[in-house]
Amino acid sequence: MGKIVVMDHPLIQHKLSILRDVNTGSKEFRSLISEIANLICYEATRDLPLEDVEVETPICKMTGKTLAGKKVAIVPILRAGLGMVEGMLALLPSAKVGHIGLYRDPETVQPVEYYCKLPLDIEHRDVFVVDPMLATGGSAIDAITQIKKRGAKHIKFLGIIAAPEGLDALAKAHPDVDIFLASLDEKLNDHCYIVPGLGDAGDRIFGTK
Ligand code: PRP
Ligand code: URA
């Protein structure tokens, strides 16, 4: 089973409460999604490999550490995953960005794929799949299946809020994938929305409702 990390850092918990608030408008909502993604990315990159580098400080020469140059890709699940990209790129400026377009059919809540464009060398990259909401898990499971079909072997999922049902389903469907979250909420409601959640993440980011 992959690692499951629910981040309890005070900065994340504070920002998450403002994010959830029904009175938080799109501008602030977008900033918070990006800031929380940045903080989750910090933890999710903890195991990036390092190598030695010779550095000359103003005082003396020393052996420091540098990232071993492992290639990274960030893949947001459209639309809401887009909100997490900027915060991730702030820490991983050389990452390539792929896109996978999925929406949940409102009747069946099954994911419908409409777009997939990934870096050509995706099989050689550590892939960070990002989507703020993990509800039934259908979208994340499908996205990761598509990314694996194109050869990717090292995948992590970064979300902000998950329902227990979605977390369970994702961990079972892709046991090799580490999962990083800001909160594990209580449940799904009858419309498969996360309770207490934050509502529809895509609509709140883009102001479409
Ligand atoms: C939301 C969210 C996830 C998905 C989660 O997207 O951003 O992708 O639902 O639900 P699931 O775990 O049950 O699959 P939505 O389908 O609303 O599409 P949108 O981002 O285009 O609005
Ligand atoms: N998608 C969302 O944006 N919010 C939910 O609560 C569930 C799915």
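Student: Is Val109 buried or exposed?

Tutor: Keep in mind that this is a predicted model. Val109 has a relative accessible area of 17%. The cut-off for the buried class is under 20%, so Val109 counts as buried.

Student: Where does Val109 sit, and what is its phi?

Tutor: Look at the loop between S6 and strand S7 (111-117), which is the place of Val109. Val109 is not a glycine, yet its phi is positive. The value is about 50°.

Student: What about Cys192, what is its phi?

Tutor: Find Cys192 in the loop between strand S14 (187-188) and S15. Its relative accessible area is 17%, so Cys192 is classed as buried. Cys192 is not a glycine either, and its phi is positive, at about 60°.

Student: Why is Gly98 put in the buried class?

Tutor: Gly98 lies in the loop between strand S5 (96-97) and S6. Buried means a relative accessible area under 20%. Gly98 is buried because its value is 0%.

Student: How far apart in space are Gly98 and Val129?

Tutor: Along the sequence, 31 residues separate Gly98 and Val129. In space, going C-alpha to C-alpha, the distance is 9.3 Å.

Student: Which class does Glu165 fall in?

Tutor: You'll find Glu165 in helix H5 (residues 164-173). Buried stops under 20% and exposed starts over 50%, with a class in between. Glu165 has a relative accessible area of 37%, so its class is partly exposed.

Student: How far is Glu165 from Ile147 in space?

Tutor: The two are 18 residues apart in sequence. Taken C-alpha to C-alpha, Glu165 and Ile147 are 22 Å apart.

Student: On to ligand 1. How many residues surround it?

Tutor: The closest are Arg104, Asp131, Thr136, Gly137 and Ser139. By class, the shell holds seven nonpolar, four polar and four charged residues. In total, ligand 1 is surrounded by 15 residues.

Student: Which element gives the most to that shell around ligand 1?

Tutor: Strand S6 (99-104), strand S9 (133-134) and helix H4 (138-149) each supply at least two residues. The biggest contribution is three residues, and it comes from S6.

Student: How far is an oxygen atom of ligand 1 from an N or O atom in the side chain of Ser139?

Tutor: Start with the other contacts. A polar backbone atom of Ala80 is 3.4 Å from an oxygen atom of ligand 1. With the side chain of Arg104, an oxygen of the ligand has an N or O atom at 2.7 Å. For the side chain of Ser139, the distance is 2.6 Å.

Student: How much of the accessible area of ligand 1 does the protein cover?

Tutor: The space that ligand 1 takes is the largest pocket. On its own, the ligand has 500 Å² of accessible area. The protein covers 90% of that.

Student: Now ligand 2. How many charged residues are in its shell?

Tutor: Surrounding ligand 2 are Arg104, Met133, Ala135, Cys192, Tyr193, Ile194, Gly199, Asp200 and Ala201. Six of the shell residues are nonpolar and one is polar. The charged residues number two.

Notes: Residues are numbered from 1 along each chain as its sequence is written. Chains are lettered from A and ligands numbered from 1 in the order in which they are written. This is a predicted model: local features need pLDDT of at least 70, side-chain atom pairs count only at pLDDT 80 or more; totals for chains, interfaces and linings use all residues. Side-chain values use heavy atoms; hydrogens and water are left out. A residue is near a molecule or strand if one of its heavy atoms lies within 4 Å of it. A polar contact is a pair of N or O atoms within 3.5 Å; within protein, one must be able to donate a hydrogen and the other to accept it, and residues adjacent in sequence count only if both atoms are side-chain atoms. Accessible areas come from the Shrake-Rupley method with a 1.4 Å probe; for residues, only the protein chains shown count as cover. On a 1 Å grid over the protein atoms alone, a cavity is a set of points where a 1.4 Å probe fits but cannot get out, and a pocket is an open set with protein on both sides within 12 Å along at least five of seven lines; lining residues have an atom within 4 Å of a point. A molecule sits in a cavity or pocket if more than half of its atoms lie within 2 Å of its grid points. Helices (H or I, at least four residues) and strands (E, at least two) are DSSP runs, numbered from the N terminus. Ala, Val, Leu, Ile, Met, Phe, Trp, Tyr, Cys and Pro count as nonpolar, Asp, Glu, Lys and Arg as charged, and the others, Gly among them, as polar. Buried means under 20% relative accessible area, exposed over 50%, partly exposed in between (1.4 Å probe, protein chains only).
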